[in-house]
Amino acid sequence: MSEEKKAEIALNANIIVAGFAYTLDEDNWVRVINLENTDEACVLDRDGNMIQTSMDDNVLVLAQAYYLK
């Protein structure tokens with residue numbers, strides 16, 4: 001992913017925590033992308049349950065934990 005695209009994602013994120021950009025979409029899904037490794041992304045419901053992911057289990061646990069805090 002280009003640096004320009006990562007900057008756009010970061011700019012449009014609702015919040016960034018520990019390198020994870022969290023964005024609430026129009027369907028009330030929380031889209032999470034790891035800005036350090038943009039191949040790692042997931043979609044969470046509002047309660048933090050994983051809907052879809054390309055993250056390994058350890059990274060997903062971190063992303064969910066940051067979201068739930």
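The largest nonpolar core has ten residues in all: F20, Y22, V30, V32, C42, L44, M55, V59, L60 and A63. By nonpolar core I mean a set of buried Ala, Val, Leu, Ile, Met, Phe, Trp, Tyr and Cys residues joined through side-chain atoms within 4.5 Å. Buried is under 20% relative accessible area, exposed is over 50%, and partly exposed is in between, with a 1.4 Å probe and protein chains only. β2, β3, β4 and α2 are the elements that give two or more residues to this core. The largest share, three residues, is from α2. Another core lies apart from it, with five residues, including I9, A13, A21 and I33.

Some housekeeping. This is a predicted model, so to speak of local features takes pLDDT of at least 70, side-chain atom pairs count only at pLDDT 80 or more, and totals for chains, interfaces and linings use all residues. Residues are numbered from 1 along each chain as its sequence is written, and side-chain values use heavy atoms, with hydrogens and water left out.

Now the overall layout. The protein chain has two helices and five strands, where helices (H or I, at least four residues) and strands (E, at least two) are DSSP runs numbered from the N terminus. Along the sequence the pattern reads α-β-β-β-β-β-α. The radius of gyration is 11 Å, close to the 11 Å from the globule rule for 69 residues, so the protein chain is as compact as a globular protein of that length. That radius is taken over C-alpha atoms, and the rule is 2.2 Å times the number of residues to the power 0.38. Of the 69 residues, 36% are buried.

Next, the sheet. Strands of a sheet pair through backbone hydrogen bonds, either parallel or antiparallel. Here five strands form an open sheet in the order β1-β2-β3-β4-β5, with antiparallel pairing; two strands pair if DSSP finds at least two bridges between them. From one strand to the next, the twist averages 20 degrees.

Helix α2, residues 57-68, lies across β1, β2, β3, β4 and β5 and runs at about 55 degrees to β2. Axes are lines fitted to C-alpha atoms, for helices over the stretch in contact, and angles run from 0 to 180 degrees between N-to-C directions. Contact means heavy atoms within 4.5 Å.

β4, residues 41-44, and β5 pair in the antiparallel sense over three bridges. M50 is in strand β5, residues 50-53, and L44 stands opposite M50. Is M50 buried, exposed or partly exposed? M50 counts as partly exposed because its relative accessibility is 36%. Not counting residues up to four places away in sequence, M50 touches V43, L44, L60 and Q64. Two of those names, L44 and L60, were in the core list.

Q64 belongs to helix α2. Its relative accessibility is 18%, so Q64 counts as buried. Leaving aside neighbours within four places in sequence, Q64 is in contact with L44, G48, N49 and M50.
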